[in-house]
Amino acid sequence: MASDTGAATRREQAIRAAVEAGLAGPEVPIIGLLDITGIRSGAAALRTAFEDVTPPGTPVLHAFAVKASPLVAVLRLLRDEGIGAEVASPGELALARAAGVRPEHTVLDSPAKTPAELREALALGIAVNADNPQELARIDALVASAPTASPLGLRVNPQIGGGSIGALSTATATSKFGIALRDEGARQWVVRAYLDRPWLNRLHTHSGSQGVPLALMAEGVRAAYELAEEVNAAAGRQQINTVDIGGGLPVNFSSDEETPTYADYARLLKATVPGLLDGRYGLVTEFGRSLLAKHGTILARVEYTKTSGGRPIAVTHAGVQVATRTVYAPASWPLRIAAYDSKGRPKTGPETFQDVAGPACFAGDLLAENRELPLLEQGDYAAVLDTGAYYFAHHYAYNSLARPGVFGFTADSEGTAFATVRTPQTLKEIVAESGGDHRDALL
Ligand SMILES: Cc1ncc(COP(=O)(O)O)c(C=O)c1O
C-alpha cells in the first residue's frame, strides 16, 4: 500500500517529476497541475462534515460549482466522489453532462437563463432556482405546458451585507442576485409565490464567496431557514423540503493549511440553524473554490531575468491569461509563489525582493510585486500555488496566449503519475477561435 504524504510533499514531487518528464520545459513553458489525492480527500472531508451534523438518511447533495473548475475530468473525478454539479450557463451544463453528472445531481442557478435553457433544464429534470419574478413567470408557463421532474426553487438575497471583496459579495443591499428579501413587500411576495405554486419546493441562497466571513455566511443560511419555516407554516405542510445553502467557504491563500474547514462551517451551521439540520430538510451545497483551490499549481518557466530601476524582475510565462484576478486586483487576490530551479528542485539561498512578471504586453501583468524569494534565474520555474480554482482553468485570451495544458497527478512513495486533463491549445485552434474561417468577412 502506497503511503500518502502531505499535500506540499506531493506537490514538490510532482513539480520535480513534471520537469524531469518534460511536461514542462523550454518548449512548454507553462502547465497546470492538479493533485488528484488532494481533490479526493477534500471531497471526502465535505461529505463527512455534513454527515456529522445531520441525522442518518438526511438527503444532502453537494453540487460542485462548475465555475470554479470547468474541466470535464475534474467534474468526473468529483462525480466519482459522489459530488454533483451546480451549473450557471449552457456551457457549464454541457460540461457536467459530458462528465456524466446525473440530472438529479445537477442544479441550474444563473441570473440570466433564457427560455431555451429553462426548457432544457425542466425537460432533463435538473433542479432550477429562479432568480427573480420574471424568471418564475417563465417557469410557470413551462410547468403548465409539460410535466417535469425538476425540483424548483427561488433564490433569495438575505441582504445581510458583504465581505472584504465587494465583487464577490452577493448578499449586499443592492446585489444583482435573487429576490432582495428585505425590500419592501418582498417577503410577503415570496411567501405568496410559494403558496400559489404547490410545486415550488426549494429555497436557495448564496451569500458570497472568498472574503465573506463564516459567521455572515451562516447568517444568510439562517435567514433562508427562517423564511422556509414561515412558508411551510403558512402552507400547513413541508412545502419547502430542501434548502440550497450555496457555497462560498473561503480559502486560505497564505499557507498550506486548509482553514477554515468544512467541519468548522458545518459545526457553525449546527449551532446557528439547528432546525435546518435536524433531518426535516434536505440540503444542497454549492462549494467551488474550497474544493479545488489548494489542489492546483501553475508551473511557469522563467524565460528571462533583468533589473529595472534596480529591481530584479523574473519574466515568466504565467500572467494575466491564467491569473486574471490576481493581475487586475492584486490586493484582493495575492498568491503564493515558490521558486524552483531548472531541474524542478526547490530553490534555496538568500531571499531577494523581486517582481514576478507574466508574458502579457502591459505593465500591470505581474503575479507578484517586490516579493521576497530566492533570486529567480533564467530557466528556473515559478510555481504559483493554490490556483486550482478560478485560475488556470479560466483562461483569459489576452495577447492570444495559448491555454496551457493541465495534468492531474498522483505522487507517493511508489512514484509520480500524470494524466492529461486538458491538452494545450494549439495555434491552429487560436486562429480558428479568432474567426480564421471568416478571413474575408470584412472585405
Ligand atoms: C450561486 C453560486 N453558488 C456557488 C458558488 C461557488 O462559490 P465558491 O467557489 O466561493 O464556493 C458561486 C460563486 O460565484 C455562486 O454564484
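In which loop does Cys361 lie? Cys361 sits in the loop between β14 (351–357) and β15 (366–374). The model discussed here is predicted.

**Annotations from UniProt**
- An unreviewed UniProt entry lists Cys361 under "active site".
- Cys361 is exposed, because 10 other C-beta atoms lie within 10 Å and a residue with 12 or fewer counts as exposed.
- The feature "domain: Orn/DAP/Arg decarboxylase 2 C-terminal" is placed by UniProt, in an unreviewed entry, at residues 294–388.

**Ligand shell**
- The ligand is surrounded by 17 residues.
- The closest of these are Ala65, Ser209, Gly247, Glu286 and Gly288.
- By class, the shell holds eight polar, five charged and four nonpolar residues.

**Strand β2 and its partners**
- Strand β2 covers residues 60–65, and five of its six residues are buried, so the strand is largely enclosed by the rest of the structure.
- β2 pairs with strand β10 (residues 282–285) in the parallel sense, over three bridges.
- Phe64 stands opposite Ala85 of β3.

**From β2 through α3 to β3**
- A right-handed β-α-β unit is made by β2, helix α3 (residues 72–80) and β3.
- In α3, the buried residues are Val74, Leu75, Leu77 and Leu78.
- Viewed down the axis of α3, these buried residues fall within an arc of 160°, so they line one face of the helix.
- An α-helix has 3.6 residues a turn, so residues three or four places apart point the same way.
- Gly82 follows α3 and has a positive phi, near 85°.

- β3 pairs with strand β4 (residues 106–108) over three bridges, in the parallel sense.
- In β4, Thr106 stands opposite Ala85.
- β3, helix α4 (residues 90–98) and β4 form a right-handed β-α-β unit.

**Backbone details in loops**
- Most residues other than glycine have a negative phi, and most peptide bonds are trans.
- The peptide bond from Thr259 to Pro260 is cis, with omega near -5°.
- Pro260 is in the loop between β9 (242–244) and α9 (262–272).
- Asp386, a residue other than glycine, has a positive phi near 60°.
- Asp386 is placed in the loop between β16 (381–385) and β17 (405–412).
- Asp386 counts as buried because it has 22 C-beta neighbours inside 10 Å, where the cut-off is 20 or more.
- Tyr390 is in the loop between β16 and β17, and its phi is positive, near 60°.
- Tyr390 is buried, with 26 other C-beta atoms within 10 Å.

Technical notes. Residues numbered from 1 in each chain as written. Predicted model: local features only at pLDDT ≥ 70, side-chain atom pairs only at ≥ 80, totals over all residues. UniProt positions renumbered as here; feature names shortened; annotations may be inferred. Near = placed C-beta within 6 Å. Nonpolar A, V, L, I, M, F, W, Y, C, P; charged D, E, K, R; others polar. Helix = DSSP H or I, 4+ residues; strand = E, 2+ residues; numbered from the N terminus. Pairing = 2+ DSSP bridges. Right-handed = clockwise from strand over helix to strand, strands pointing away. Arc of directions from axis to C-beta.
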